[in-house]
Amino acid sequence: MWIGISLGISLAISLFVPFPYSLPIIMAVFILLSFYMRKRALRRMGIPGTTGMFGSSSLSYYCMTCGTKHNQAACPKCGSKMKRVGS
Ligand SMILES: [Zn+2]
């Protein structure tokens with residue numbers, strides 16, 4: 001998906017900047033974008049990964065329907081899959 005964004009950005013740059021000068025700018029934008037996307041992807045993956053490794057004992061899930069504390073996908077009391085994280 002971000003390839004489309006960077007393609008659009010490089011197209012926009014090549015429209016405003018003549019070709020030989022637009023090339024390093026496009027490359028810089030590509031590098032910055034890939035850095036940004038990697039950081040965002042790492043952050044998205046890192047949150048459940050860190051809670052799974054470090055937070056499983058200290059973090060608890062509470063059912064949003066009846067408030068039962070449980071660590072399952074669905075509430076054992078009412079079967080609701082809606083839950084919130086509490087400590
Ligand atoms: Zn419940």
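Leaving out neighbours within four places in sequence, Lys77 is in contact with Cys66 and Thr68, contact here meaning heavy atoms within 4.5 Å. The model is predicted, so local features need pLDDT of at least 70 and side-chain atom pairs count only at pLDDT 80 or more, while totals for chains, interfaces and linings use all residues. Residues are numbered from 1 along each chain as its sequence is written, and side-chain values use heavy atoms, with hydrogens and water left out.

Back to Lys77: this residue sits in the loop between β2 and β3. At 66% relative accessibility, Lys77 counts as exposed; the cut-offs are under 20% relative accessible area for buried, over 50% for exposed and partly exposed in between (1.4 Å probe, protein chains only). Lys77 and Gly67 are 10 residues apart in sequence, with their C-alpha atoms 9.5 Å apart in space. Thr68, one of the contacts of Lys77, belongs to the loop between β1 and β2 (69–70). Thr68 has a relative accessibility of 19%, so it counts as buried. Again setting aside residues up to four places away, Thr68 touches Tyr61, Tyr62, Cys63, Cys75 and Lys77.

The zinc ion takes its protein donors from Cys63 (SG), Cys66 (SG), Cys75 (SG) and Cys78 (SG), at 2.2 to 2.3 Å. Donors are N, O and S atoms within 2.8 Å of the metal (3.2 Å for Na, K and Ca), and since water is not among the atoms, sites may look incomplete. Along the chain the donors follow the spacing C-x2-C-x8-C-x2-C. The 4 donor atoms subtend angles of 106 to 118° around the zinc ion, so the arrangement is tetrahedral, a label that four donors get if all angles lie between 85 and 135 degrees. As for burial, Cys75 is buried at 4% relative accessibility, whereas Cys78 is partly exposed, with a relative accessible area of 39%.

Next come the strands. Ser60 lies in strand β1 (residues 60–63) and is buried, with a relative accessible area of 6%. Not counting residues up to four places away in sequence, Ser60 touches Lys69, Asn71, Arg84, Val85 and Gly86. Gly86 in turn is placed in strand β3 (residues 83–86) and counts as buried at 11% relative accessibility. From Gly86 to Tyr62 the C-alpha distance is 6.7 Å, across 24 residues of sequence.

Phe19 is found in helix α2 (residues 19–53) and is exposed, its relative accessible area being 60%. Together with Leu23, Met27, Ile31 and Phe35, Phe19 makes a nonpolar surface patch of about 560 Å². Patches are made of residues with over 30% relative accessible area and no salt bridge, like charges being joined within 9 Å and nonpolar side chains (Val, Leu, Ile, Met, Phe, Trp, Tyr) within 5 Å. A salt bridge is a side-chain nitrogen of Lys or Arg within 4 Å of a carboxyl oxygen of Asp or Glu.

For the chain as a whole, the secondary structure comes to 2 helices and 3 strands, in the order α-α-β-β-β along the sequence. Helices (H or I, at least four residues) and strands (E, at least two) are DSSP runs, numbered from the N terminus. Of the 87 residues, 18% are buried. Among contacts with a separation of 6 or more, 25% come from residues 24 or more positions apart. The accessible surface is about 6,800 Å², with 70% belonging to carbon and sulfur atoms; accessible areas come from the Shrake-Rupley method with a 1.4 Å probe, and for residues only the protein chains shown count as cover.

Technical notes. Four donors count as tetrahedral if all angles lie between 85 and 135 degrees; four count as square planar and six as octahedral if opposite donors are over 155 degrees apart and all others between 65 and 115; anything else is irregular.
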